[in-house]
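Please read each one with the coordinates open.

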Amino acid sequence: MPSPHVLILTGADDPHADRVGAMLTGRGARVTVFDPGDFPVTWRVDLTYAADGLLRRVLRDGKQEIALDTVTAVWWRRPTPPAPHAEIADPAVAAHAGKECQSLLGDLWEHLPCPQLPARESVWRRSGQKASQLALAAELGFAIPETLITTDPEAFLDFHERHEGRIITKSFHIPFIEGVGDGLTVTRLSDPVSPRDLAYADGLRFCPMIVQEQVPKRLELRVTIVGRRIFAAEIHSQVSNRSSVDWRRYDTRVTPHRPHRLPDEVAARCLALMERLGLEYGAIDLILTPDDRHVFLEVNPNAQWLWVEYLTGLPISEAVCDHLLQGA
């Protein structure tokens with residue numbers, strides 16, 4: 001029986017891929033790491049269709065040739081998009097070439113006949129839409145924050161008044177603004193609305209924003225799910241002013257992280273959510289309120305986990321390795 005062959009799609013300097021890749025190799029699997037950002041400059045792709053319908057799919061970089069039909073599992077980690085060749089001088093032609101490369105690879109991964117983690121690209125990209133997540137979570141019985149997604153300044157001000165100013169805002173889709181000032185990247189996390197912010201409410205006309213009631217927190221939960229395995233970690237974000245509104249403003253030196261056992265009904269809802277979204281991997285963020293309600297915030301289908309593993313001992317990397325090997 002041939003050894004498992006796992007294709008990891010990721011960019012350079014990915015400690016998650018390094019850790020799981022080493023585990024896979026240690027358990028006898030063949031591991032190929034491919035970053036679409038190296039196509040078509042370093043890597044080449046050949047798809048050959050025979051008259052009888054047989055298909056041959058090959059990746060090659062001058063040193064190795066990868067027959068993609070030998071791949072038993074694909075892991076979407078953090079790939080970068082294809083970059084047009086530097087020899088293309090015309091910007092319009094370069095942009096066109098980049099889109100063509102992206103289209104080819106997207107189609108290629110979509111019809112590879114093997115399991116993919118967290119899912120096929122079309123599935124996990126669709127699953128990341130926050131408005132749809134909130135609607136589905138409520139349908140499954142989760143408590144959710146009262147939420148407004150709007151481009152209407154008046155609706156925002158009415159929401160602010162109804163909640164007596166105790167609201168937060170966050171981005172609808174992408175939490176990064178790239179190329180600001182001297183090429184800096186600005187990260188947009190969850191932020192409370194100050195009286196000063198109200199003076200800029202008219203800016204909502206230009207871009208949608210998520211506005212939510214500020215839910216009281218006893219602690220926060222990061223629930224990482226791999227297949228049917230649940231790894232819940234409690235984040236005591238309220239012990240630090242820095243992380244109290246959004247734990248992603250990490251203050252791990254003073255913020256305890258501990259394993260957590262979810263109530264059975266909450267665990268069942270988490271698994272049902274993943275099944276409905278079509279995901280084999282995802283990280284669900286919940287708030288545990290002072291009166292013990294579990295409030296759903298969102299699910300990230302391609303989230304990091306090593307920091308949780310290091311701080312709690314939860315064996316998430318091993319679970320990812322196990323799941324990728326199941327494809328064999």
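**Notes on the predicted model**

1. In this predicted model, helix α9, which spans residues 316-325, is mostly covered, with nine of its 10 residues buried. Those buried residues are Ile-316, Ser-317, Ala-319, Val-320, Cys-321, Asp-322, His-323, Leu-324 and Leu-325. The helix lies across β1, β6 (73-76) and β7, and runs at about 140 degrees to β6.

2. The strands that α9 lies across belong to an open sheet of four strands, ordered β2-β1-β6-β7, in which the pairing is parallel. At its edges are β2 (30-34) and β7 (116-117), each of which pairs on one side only. Between β1 (residues 5-9) and β2 there are five bridges in the parallel sense, and Ile-8 has Val-33 of β2 as its bridge partner.

3. Arg-77 deserves a separate look, and its place is in the loop between β6 and α2 (91-110). Because its relative accessibility is 2%, against a cut-off of under 20% for burial, Arg-77 counts as buried. Leaving aside residues up to four places away in sequence, Arg-77 touches Ile-8, Leu-9, Thr-10, Asp-14, His-16, Ala-17, Asn-302, Ala-303, Gln-304 and Trp-305.

4. Strand β14 (residues 219-226) is largely enclosed by the rest of the structure, because eight of its eight residues are buried. Leu-219, Leu-221, Val-223 and Ile-225 point one way from the strand, while Glu-220, Arg-222, Thr-224 and Val-226 point the other way, and all of them are buried.

5. As for the partners of β14, the strand pairs with β17 (residues 281-288) in the antiparallel sense over eight bridges, and Ile-225 has Gly-282 of β17 as its bridge partner. Seven bridges join β14 to β15 (residues 229-235), again running antiparallel, and here Leu-221 is partnered by Glu-234 of β15. β14 and β15 form a hairpin with two residues between them, and Gly-227 in the turn has a positive phi of about 65 degrees.

6. Finally, there is a helix pair to consider: the axes of α4 (residues 130-139) and α7 (residues 264-277) come within 10 Å and cross at roughly 130 degrees, which makes α4 oblique to α7. The crossing of α4 and α7 is right-handed. Leu-136, Ala-137 and Glu-139 of α4 make the contact with Leu-273, Arg-276 and Leu-277 of α7, and these residues divide into four nonpolar, no polar and two charged.

Methods
Residues are numbered from 1 along each chain as its sequence is written. This is a predicted model: local features need pLDDT of at least 70, side-chain atom pairs count only at pLDDT 80 or more; totals for chains, interfaces and linings use all residues. Side-chain values use heavy atoms; hydrogens and water are left out. Buried means under 20% relative accessible area, exposed over 50%, partly exposed in between (1.4 Å probe, protein chains only). Two strands pair if DSSP finds at least two bridges between them. Contact means heavy atoms within 4.5 Å. Axes are lines fitted to C-alpha atoms, for helices over the stretch in contact, and angles run from 0 to 180 degrees between N-to-C directions. Angles under 35 degrees count as roughly parallel, over 145 as roughly antiparallel, 65 to 115 as roughly perpendicular and the rest as oblique. A crossing is left-handed if the near helix is turned anticlockwise from the far one by less than a right angle, and right-handed if clockwise. Ala, Val, Leu, Ile, Met, Phe, Trp, Tyr, Cys and Pro count as nonpolar, Asp, Glu, Lys and Arg as charged, and the others, Gly among them, as polar.
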